[in-house]
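Subject: Structure for your files

Hello,

Here is the structure I said I would send. My notes on it follow below.

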Amino acid sequence: MQADKIWQAALGELQIQVNKANYNTWLKDSRGINYANGVFTVAVPTAFIAEWLKGRLHSVVCRILSTITGSTTEVVFQVQAVIRDSAPGRTRLMPDGGVSIKERPTTARGTGFNTKYTFNTFIAGDCNRLPYTASLEISENPGEVFNPLFIYGSTGTGKTHLLHAIGQSVRHGEVNALYMSAEQFTNEFITAIRNRKAEEFRAKFSRVDMLLLDDIQFLSGKNQTQECIFHIINDFLADNRQVVISCDRPPKEIASLNARLRSRLEGGLVADIYTPDHKTRLAILDLKSSLMQASFDTTILNFLATNFHGSVRTLEGALIRLSSYSRMSNTTLDVDAVKQLLNDMIAASRQSGGHHTAAAVINAVADYFAIPPDDITGKKRDLKTSRARHIVMYLLRQQNNTNLAEIGRVLGNRDHSTVIHGYNRIAMDIGSDSQLSKSIEDIRLMLKSRGSA
Ligand code: ADP
Ligand code: MG
């Protein structure tokens, strides 16, 4: 039997066994590409999806495949960026060739939500695939999977946007969603205590179906507030009410966080979001300029995407300046004019750090471990050098969203699976290895103080 026929049959079976949202999120774009010697290879669009399927559905898939083929079959999930556009009219092509799950109605009347932040105005790309698909899924099946969903990433990567998008999408279905920043939570909690109304404060959350809590890093060191949030989150989880949390770092990197709360935060899906790559930045610029009813030449959009690679907020700021200038002056801008107009913003964006060149990261890590930079890019495989190399992979992937192939290239032409492996090693160890998380924090500080752009 051919691999694709077998996989079609398996997908038919999986569609029955897995709920619809899970199916759409993790399986819809997969293909059966090879079946040999009892091993069946399934192609999926991203490494995240491969990891997820491996972790959650591996044995189910093996069982189904074994039944269909009539002999014991092992499955491997392999990343391949070829995706079918299976439902024309309902799907939208994404900058990385992926496809967004569904166009959604813009709803959002009422309070608390920013009507500009919906799924329709969010560009999905490799940088946010996992949190994006998880958010879509949650808005369809709140409380059923991924509870809590914990989204983390640096500033301006779209975390608040996603929280609002979820809230507005489920409001449509009569779910009472509450958006709150952790700062707002803290202030209300303190006021409640002062007025001896702590009970009422907590009771307010029992009337909420979904809690969207933004920027939880703000709670670092605030013990009493953490205790209160811990109990509230427990109440939500006990009744399968959805909790979505955002943070600028993973739970294990939040300093002075109550251990019980940390373990709650890690108990669902922890999904990271990176600063977008060039293609995604272009798609965001394209969308945002049409929302502003401005139109710019591709060379100008390209110029912006090349010069602002940190926060999307900064990218948007540049676009706003250009669009108001061209409206006021009633002129069409060329690249030279744009360069001049944005001179200060480009310099500030470079200075603000967050984006470090690969060379700067390699040098900082080499200095930290007191080894020559050439060892990191070279062939040495001793423990210390490998560790240093993996940390470079981790930092580049996290801080800069340099793509995997590019990271491999600067590290002496290593292939992208080696990079994923290195990244995963650090991402996994960082929780249990406090020395490692301290090293990474120190290297980040080093990079910041060097201000390398
Ligand atoms: P964060 O909360 O991570 O700091 P925000 O959600 O406030 O970031 O995003 C900052 C700005 O960038 C917002 O205007 C948001 O609409 C925009 N933005 C970020 N990521 C995307 C994206 N993937 N698609 C569209 N807009 C985005
Ligand atoms: Mg935010």
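Helix 16 and helix 21 cross in a right-handed sense (a crossing is right-handed if the near helix is turned clockwise from the far one by less than a right angle, and left-handed if anticlockwise). Helices here are DSSP runs of H or I with at least four residues, strands are runs of E with at least two, and both are numbered from the N terminus. This is a predicted model, in which local features need pLDDT of at least 70 and side-chain atom pairs count only at pLDDT 80 or more, while totals for chains, interfaces and linings use all residues. Residues are numbered from 1 along each chain as its sequence is written, chains are lettered from A and ligands numbered from 1 in the order in which they are written, and side-chain values use heavy atoms, with hydrogens and water left out.

Axes are lines fitted to C-alpha atoms, for helices over the stretch in contact, and angles run from 0 to 180 degrees between N-to-C directions. On the helix 16 side, the contact (heavy atoms within 4.5 Å) includes Ala360, Val361 and Tyr368, and on the helix 21 side it includes Ile443, Met446 and Arg450. Its residues divide into 8 nonpolar, 3 polar and 3 charged. Ala, Val, Leu, Ile, Met, Phe, Trp, Tyr, Cys and Pro count as nonpolar, Asp, Glu, Lys and Arg as charged, and the others, Gly among them, as polar.

Next, helix 11. The axes of helix 11 (residues 278-291) and helix 13 (residues 312-329) come within 11 Å and cross at roughly 45°, so helix 11 is oblique to helix 13. This crossing of helix 11 and helix 13 is right-handed. Arg281, Ile284, Leu285, Lys288 and Ser289 of helix 11 touch Val312, Leu315, Glu316 and Leu319 of helix 13. That contact of helix 11 with helix 13 has 5 nonpolar, 1 polar and 3 charged residues.

Helix 11 also packs against helix 12 (residues 298-307), at an angle of about 130° and with the axes 9 Å apart. Helix 11 is therefore oblique to helix 12 as well, and the crossing is right-handed. Among the residues that meet are His278, Arg281 and Leu285 in helix 11 and Leu301 and Ala305 in helix 12.

Ligand 1 has 18 residues around it (a heavy atom within 4 Å), and Gly156, Thr160, His161, Lys288 and Glu316 come nearest. Lys288 and Glu316 also take part in the contact of helix 11 with helix 13.

- Glu316: a polar side-chain atom lies 2.5 Å from an oxygen atom of ligand 1.
- Arg313: a side-chain N or O atom is 2.9 Å from an oxygen atom of ligand 1.
- Tyr117: a polar side-chain atom lies 3.4 Å from an oxygen atom of ligand 1.

Finally, the backbone. Asn147 and Pro148 are joined by a cis peptide bond, with omega about -5°.

Regards

Terms used: A polar contact is a pair of N or O atoms within 3.5 Å; within protein, one must be able to donate a hydrogen and the other to accept it, and residues adjacent in sequence count only if both atoms are side-chain atoms. Angles under 35 degrees count as roughly parallel, over 145 as roughly antiparallel, 65 to 115 as roughly perpendicular and the rest as oblique.
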